[in-house]
Amino acid sequence: MSSLAGRLRRIFTAPLLAATKTSTKTTPPPRGTTKTPAKTTASLTATSETPAKTTAPPPATSKAPAKTIKRWSFNYSTPTEMVEQFKKFSDSNRFRSHAKLYEKAVLALAIAKKFSSIEEILEHQKQYKEISTETFAVRLITLYGKAGMFEHAHKLFEEMPKLNCERTVMSFNALLSACVNSKKFDKISGFFQELPASLGIVPNVVSHNIIVHAFCEMGSLDSALSVLDEMEKVGLEPDSITFNTVLYAFYQKGSYADGEKIWDLMKTKNVAPNVRSYNAKLGGLVSESRMSEAVELFDEMKTSGIKPDVFTLHFLMKGFCDAGNLEESKRWFGEIAKNKLPPIRATYMIIIPFLVENGDFEMAADLCKVVFRRRWLIEPALLQQVVEGLVKESKIEEATELEELAKLKGKFQITPELPSSDKK
């Protein structure tokens, strides 16, 4: 329970504290929007282990001064206390404009399987005037979907007219997305076929893209392609999202040859490949261990003026790890920092075991420290292997440092031990 409380506290405190940098003259975002401050996500890791005890939040006002945001610092010992504080803070118009705070709260509670707490937080929002705006209602429907609580999402969609909230294609799409996120694939076709006529809604490209995504998730690739044909019949043109969704499915779940056919079809439709398109194709080449072609595709991508992202380099690094090529794996891993791209945990969880396997314990230890700094989870057994490898190479000081750092991060349940004979 304490580890859950700590995780939730970190999730909430940083964005709220980051918001204190906002000028008192800054106009708050319109009610019901999902726009969040640009620095919110970046500041999530800059948290305090034990935030100072806070006073009660200020009364809700239409224009709460920025300095009052300092008081939005959560201090609780159980998820129940967190929920109560969240509900109190919801009285502030400005707090309600921070959609990211809602999302991170719901996702953290979903991971902890505290679904009744999610319901309590989101149902509490119906008392505020924003519930009559579709964007706010869509936020709640979307959050229910991401938490896997489809019945609640559907119920809210049905309640919208009673809440004096108009239902357009926007909320219709939110309901479809909730189906996909909750894995309720058996319901999505019925909604898509029946709701538009009964509600006077015309599905748009986004609606069809959600259906394509659903079929790809189900592994029904032929059905996904049939949606592209249906789009043309109703006068809609598939966009890059449509094609990228299908490309990923065919390159990585179907066959590379079929993926190439979709690639050619995309070009005939004058939809230019973007970085996601290239990543899908790159992933397909890597999955078939065609690394020389993957590197050629990377060069083609740059020649086309498309800047690689962290996933591009992740695929290349992973491919060379799978091929057992240590030097190339390290080179492509280094390209992530060289290109100033934000690292992802998955990359580290692939290269650290590969470094251990190849005896590069020093670099593995350095990367473990990065994992700690970023507060990512790591398997205790993997960390133990790194410590033992350092000891075998007589790097006792480095091993001890890593062990102490791991114990300091005890909330991760990592407790590697140096061999007793090597401890002083």
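**Figure 1. Burial and overall make-up of the protein chain.** Buried residues make up 49% of the 424 residues in the protein chain. Buried means under 20% relative accessible area, exposed means over 50%, and partly exposed lies in between (1.4 Å probe, protein chains only). The model is predicted: local features need pLDDT of at least 70, side-chain atom pairs count only at pLDDT 80 or more, and totals for chains, interfaces and linings use all residues. Residues are numbered from 1 along each chain as its sequence is written, and side-chain values use heavy atoms, with hydrogens and water left out. The secondary structure comes to 21 helices and zero strands. Helices (H or I, at least four residues) and strands (E, at least two) are DSSP runs, numbered from the N terminus. The accessible surface of the chain is about 20,800 Å². Carbon and sulfur atoms hold 52% of that surface. Areas come from the Shrake-Rupley method with a 1.4 Å probe; for residues, only the protein chains shown count as cover. Among contacts (heavy atoms within 4.5 Å) with a separation of 6 or more, 63% join residues 24 or more positions apart.

**Figure 2. Packing of helix H10 with helix H12.** H10 spans residues 205–218 and H12 spans residues 240–252. Their axes come within 9 Å and cross at roughly 5 degrees. H10 is therefore roughly parallel to H12. Axes are lines fitted to C-alpha atoms, for helices over the stretch in contact, and angles run from 0 to 180 degrees between N-to-C directions. Angles under 35 degrees count as roughly parallel, over 145 as roughly antiparallel, 65 to 115 as roughly perpendicular and the rest as oblique. H10 contributes Val205, Asn209, Val212, His213 and Cys216 to the contact. H12 contributes Ile241, Thr242, Thr245, Val246 and Ala249. By class, the contact has six nonpolar, four polar and no charged residues. Ala, Val, Leu, Ile, Met, Phe, Trp, Tyr, Cys and Pro count as nonpolar, Asp, Glu, Lys and Arg as charged, and the others, Gly among them, as polar.

**Figure 3. Close-up of Thr245.** Thr245 sits in helix H12. A polar atom of the Thr245 side chain lies 2.8 Å from the backbone oxygen of Ile241. Not counting residues up to four places away in sequence, Thr245 touches Val212, His213 and Cys216.

**Figure 4. Packing of helix H14 with helix H16.** H14 covers residues 275–287, and H16 covers residues 310–322. The pair packs at an angle of about 5 degrees, with axes 9 Å apart. The two helices are therefore roughly parallel to each other. From H14, Val275, Asn279, Leu282, Gly283 and Val286 meet Phe311, Thr312, Phe315, Leu316 and Gly319 of H16. These residues divide into six nonpolar, four polar and no charged.

**Figure 5. Surroundings of Cys368.** Cys368 lies in helix H19 (residues 361–373). Its relative accessible area is 0%, so Cys368 is buried. Leaving aside neighbours within four places in sequence, Cys368 contacts Ile352, Ile378, Leu383, Val386 and Leu402. Cys368 and Val386 are 18 residues apart in sequence. Their C-alpha atoms are 8.7 Å apart in space.

**Figure 6. Two loop serines, Ser289 and Ser394.** Ser289 is found in the loop between H14 and helix H15 (291–303). Phi of Ser289 is near 60 degrees, a positive value in a residue other than glycine. Ser289 counts as exposed because its relative accessibility is 61%. Ser394 is found in the loop between helix H20 (380–392) and helix H21 (396–408). Phi of Ser394 is near 60 degrees, again positive in a residue other than glycine. At 62% relative accessibility, Ser394 counts as exposed.

Technical notes
A polar contact is a pair of N or O atoms within 3.5 Å; within protein, one must be able to donate a hydrogen and the other to accept it, and residues adjacent in sequence count only if both atoms are side-chain atoms.
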